[in-house]
Amino acid sequence: SVSHELRSPLGIIYGHAELLASGSLGDLNEEQQQSSKIIMRRVIMLTNLVDDLTALLAAETQELRRENIDTTLLIHSLLADYQMRADDLDITLEAEIEEPIPWIRGDSTHLRRVFDNLVSNAFKFTPANGRIVLKLKAEGDAVCIEVIDSGEGIPQDKLKHIFERFYQVEGGSTRRHKGTGLGLTLVKEIVEAHRGTVSVSSQLGQGTTFTLMLPGFFPD
């Protein structure tokens with residue numbers, strides 16, 4: 001109920017700011033256009049925060065749908081969605097899949113949010129000419145999924161905190177990458193709600209690997 005009450009006014013604010021920025025209500029000078037765009041960006045940030053908090057609550061209470069998900073298809077659709085971004089940033093994005101791969105029973109929307117968070121995170125910290133790889137393999141009936149990047153890495157003393165709510169690897173005054181600090185918390189909560197586990201390993205200057213283990217099954 002709270003998230004719905006927040007989304008409605010945020011949508012109205014965004015719509016009017018967009019209307020102003022478009023010039024439909026009259027010409028704006030450069031400073032006014034900039035202010036309108038700032039309002040729009042901040043509304044998007046607040047909307048994302050509301051969405052993250054809603055997803056976090058759903059994962060905590062395990063109010064998730066249960067459907068059969070083709071894991072390989074899920075990863076290929078993810079690659080397709082992010083390929084243009086990878087091209088724009090001059091980053092190689094690819095998948096390494098060891099067939100056959102078990103399917104997953106779970107909530108496709110929430111699992112997609114997991115991979116969106118991990119891949120978006122990889123893009124944030126991987127420079128041009130870098131590489132992001134999604135590796136899939138079966139371990140019995142379980143699915144092992146690794147999201148590997150060749151980015152800047154995470155300091156060892158920060159690794160134990162990265163799944164904490166609102167935690168940011170970069171300090172407030174030195175932050176170069178925007179976010180709510182809930183992305184990796186959501187990853188952990190959603191994976192655990194699917195009876196899985198997530199872990200991370202990293203070396204400064206050499207990249208980061210997130211490893212997910214999810215129970216699966218081979219369809220008949």
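A crossing of two helices is left-handed if the near helix is turned anticlockwise from the far one by less than a right angle, and right-handed if clockwise. In this predicted model, local features need pLDDT of at least 70 and side-chain atom pairs count only at pLDDT 80 or more, while totals for chains, interfaces and linings use all residues. Numbering starts from 1 along each chain as its sequence is written, and side-chain values use heavy atoms, leaving out hydrogens and water.

Helix α4 (residues 108–125) passes helix α6 in a left-handed crossing; helices are DSSP runs of H or I with at least four residues, strands are runs of E with at least two, and both are numbered from the N terminus. The axes of α4 and α6 (residues 183–193) come within 9 Å and cross at roughly 145 degrees. Axes are lines fitted to C-alpha atoms, for helices over the stretch in contact, with angles from 0 to 180 degrees between N-to-C directions. On the α4 side the contact (heavy atoms within 4.5 Å) includes His110, Val114 and Leu118, and on the α6 side Leu184, Val187 and Ile190.

Strand β4 (residues 131–139) is joined to β2 (residues 92–97) by six bridges, in parallel, and to β5 (residues 142–149) by eight, antiparallel. Two strands pair if DSSP finds at least two bridges between them. Thr92 has Arg131 of β4 as its bridge partner, and Leu136 has Ile145 of β5. The hairpin of β4 and β5 has two residues between the strands, and Gly140 there takes a positive phi near 70 degrees.

Phe123 touches Tyr82, Leu93 and Ile132, among others, not counting residues up to four places away in sequence.
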